[in-house]
Amino acid sequence: MKALQNLFDSIKPNFEKGGKWEKFHTLYEGHRTIAFAPDLITKAKGTQIKDATDLKRVMITVVIAMIPALLFGILNIGHQHFIASGEEATFLDKAIFGALSVLPILIVSYAVGLLTEFTFCVIRNHPISEGYLVSGMLIALVMPPYIPLWQVALATIFAVVIGKEVFGGTGMNILNVAMTARAFLYFAYPAQISGDQVWTYLGEKTAVDGFSGATALAVAYNAGVEGTPAVEALSSHNASFGADFSFLNMFMGWIPGSIGETSTLMALVGAVILVATGVASWKIIVGGFGGAYAMGLVMNALAVNEYMAMPAQYHLVMGGLAFGVVFMATDPVSAAQTETGKWIYGILIGVLTVIIRVTNPAYPEGIMLAVLFMNVMAPLVDYYVVKANKTRRIQRATV
Amino acid sequence: MSKIVKLKKGFDLKLVGKAPLEMSNFAPATTFAIKPTDFPGIQRPKVLVNEGDTVKAGTPILIDKALDQVIYAAPVSGEIVEIKRGEKRKLLEIKILADQTITHENFGKIDLNQDREALAAKLASSGVWPNIIQRPFGIVANPSDTPKAIFISAFDTHPLAPDFGFTLQGEEKYFQAGVDALAKLTKGKVHLNVDGSKSAPAIFSGVKNAQINQFSGPHPAGNVGTQIHHLDPINKGEIAWTVSPYGVVQIGKAVLEGIYDASKVIALTGSELTKTGYVKTYSGANVSSFVKGNLNSGHVRVISGNVLTGEKVNLDGFLGFYHNQITVIPEGDYEEFLGWIKPSTSKLSFHKAIGMLSFLNKGEFKVDTNTHGEERPFVVTGVFEKVMPMDILPTYLFKAIVAEDFDEMEELGLYELVEEDVALCEFVDPSKNDLQELVRHGIELLMYS
């Protein structure tokens, strides 16, 4: 390791004041602190010791929590492909196929995002923050497998610049960066991110007869329109290929959808990691699932069509709810920041997701808009929680 | 009515280097210093002596021209050997070379049956007054104020903190006299807050003229700010005073003996001291005689006070006025390969993020001064709340101070806090912000503008 340290030391003068690459000092520091935890010490006054945990470790915890979803997503992309094309395939075939379609998206997301971030850090002379470690992974996981790479790049730049840097960088953003990327594509290039054709990557091949690429949410919505019971419609969908939308299949994630969002199980594995490590708020996660389930029950009670009558637990395993609640809603910067606020914020995300899904014909998936809407509303929620705290203090003074 | 308060929020730092409850033998310190920087409220310090003057213990050597009734007295008798100034002639240290035997100024026993103003004036001129701290702001109290109550925390939950039951043993009558004097100074009560998790030591359990409350739970249960919040919180426009148990004893000695006795028993702690223990010295002692030749390694930081709220001093620096403890830990200026991701059970952390396994380790931790990361904006939420056992929203308060929003600072409770109340927040912060400095900045904004 001494060699690496020496290498860093040898190029250091170039980045110091007066050096030829002085402007890129922040990049030098950024890379050195990834290789080596820095040799900074506490000040003469103030705490003389500091906790061994830093933001890098917090962020990498989130990335690790997403890896099960990523790996499953890779496998599932292959799985869906071979079902659609009607070919027999081994586990390895599926994994390789999936990796070949997912990894380019992941690489583009990280490369473009980090480049944008570095550019801003250099221009503004900010230290490089770790936030994009998480955002880069999230952006890839919420993309359909069929997305053109230039769209990934464009969305990433939009999200980092408009979603984050214009507000002052990491810690200052109002909207979740990855959701901003997805929403950008959703409204700018809807053809590549919605409908029935984009969720299963076929390449040159054509789908076998009778195969439908629709997502579970679309199937359930159509069931509501056509008047067939939703559960029946879901379980008979693509049933002849062994790819029906049974509760178990949806829970496991063997369904078409964005790369990382399909598996409720993998989202729950991530949730366990995030909650056990204390990195994400369990209040938001429990609130999100609870809110969606409760709203599902309300829909059942008021049911005027078959979609509304669909058992409430189906909402928890369909679409991206689990992924969104576990990984998107819990982003501490864009979420509510007070403890009471986190309950309200989480519950409302669940409730809004189900309302958007069931009652809005234009948007089959509700979690994206629910999270973005609540990102915007989170400061308002916090405002009232903070105000209550101030009021308690003022009332105390008068008694 | 005495109160029993059980706290859940907080964090106990279990560190290597606890002092065993016994007196150690060290060569006595020979030089002592008064450092105006120990008193955050001092605005215009003025030295009353010159280099070469001889003083007795209790001789006034410093005043604050903004609060000139209060004198800051020499802790020992001897010769003023140096008046050290820094940039812009800022007064840093007034050093005294101590006599072999300490002689005291005698200003006569203090009659507690005089009126409040006269008593306060007498104490202010005796040298013991700087022990009385005003809340809000954490500054030396103004003798002409009448506080709504006076609070004494009889136990210290900071890492490796001294045990007052041990350091103050035998001082029972002085402690009682100190409490009696304080009771005269307030229109409300004197609150004596003891550790509810064990039976109070003799010096505190029998005290009269005070309400004895019990606090239990992790640090900061022993912080007087936490205790005030749960007993009688400070609102805008109110004033409360706090005194450490040592300060109470000093006041008691002034009352009963008519002298300023700055002798104190301090704890020598920390992983880098070969011999830890307790030693008797005087306020402002030079630390070198306790530290030199008593170190396990060469590259250390000597801290006057504890690792959360203390201050770095040189190997021949001086003990802070309010400090009863010296802590010595390794300096942490090293790089660690992939230190931000390496799993470890031996690195102390409040968090459980991936690889941070210190919560599995029930033993004591050896800590150094490395920051374990660079400064970042506030990102993680909900962490400060877990170590702040008050109804205060720390993140919002910190942001209000950063934004210099005066109304928000007031409304969010800055009047209830001083540096030590947010020391744990500063320790656990993964974004490594200097929150104690920030709180002092906020306090100064409220005080001076």
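The model is predicted.

**Domains of chain A**
- Contact between the two domains involves six residues of domain 1 of chain A and seven residues of domain 2 of chain A.
- The side of domain 1 of chain A that touches domain 2 of chain A is made up, by class, of two nonpolar, two polar and two charged residues.

**A helix pair in chain A**
- Helix H5 (residues 131-141) and helix H7 (residues 177-188) of chain A pack with their axes 8 Å apart, at an angle of about 35°.
- The crossing of H5(A) and H7(A) is right-handed.
- From H5(A), Ser135(A), Leu138(A) and Ile139(A) meet Val177(A), Ala178(A) and Ala181(A) of H7(A).
- In this contact of H5(A) with H7(A), five residues are nonpolar, one is polar and none is charged.

**Domains of chain B**
- Chain B is assigned domain 1 (4-257) and domain 2 (384-448).
- The centres of domain 1 and domain 2 of chain B, taken over C-alpha atoms, are separated by 24 Å.
- Domain 1 of chain B and domain 2 of chain B each give 18 residues to the contact.
- On the side of domain 1 of chain B that touches domain 2 of chain B, eight residues are nonpolar, eight are polar and two are charged.

**A sheet in chain B**
- Three strands of chain B form an open sheet in the order E3-E5-E6, with antiparallel pairing.
- Strand E3 (45-47) and strand E6 (67-73) of chain B are the edge strands; each has a single partner strand, so one side of each is left without a neighbour in the sheet.
- From one strand to the next, the twist averages 30°.
- Four bridges join strand E5 (residues 60-64) of chain B to E6(B) in the antiparallel sense.
- Leu62(B) has Tyr72(B), in E6(B), as its bridge partner.

**Interface of chains A and B**
- The interface brings 63 residues of chain B into contact with 52 residues of chain A.
- Elements giving two or more residues to the chain B side include strand E17 (300-304), strand E18 (311-313), helix H8 (394-402) and helix H10 (423-428) of chain B.
- H10(B) supplies the largest share of that side, four residues.
- By class, the side of chain B that touches chain A holds 26 nonpolar, 18 polar and 19 charged residues.
- Strand E1 (residues 36-37) of chain A pairs with E20(B) in the antiparallel sense, over two bridges.
- Opposite Ala37(A) stands Glu336(B) of E20(B).

**His441 of chain B**
- His441(B) is part of helix H11 (residues 435-448) of chain B.
- His441(B) counts as partly exposed because 13 C-beta neighbours lie inside 10 Å.
- Although 40 residues separate His441(B) from Ile401(B) along the chain, their C-alpha atoms are 7.7 Å apart.

Notes: Residues numbered from 1 in each chain as written. Chains lettered and ligands numbered in written order. Predicted model: local features only at pLDDT ≥ 70, side-chain atom pairs only at ≥ 80, totals over all residues. Pairing = 2+ DSSP bridges. Axes fitted to C-alpha atoms, helices over the stretch in contact; angles between N-to-C directions. Buried ≥ 20, exposed ≤ 12 C-beta atoms within 10 Å, placed from the backbone. Nonpolar A, V, L, I, M, F, W, Y, C, P; charged D, E, K, R; others polar. Domains from an automatic or database assignment. Left-handed = near helix turned anticlockwise from the far one by under 90°.
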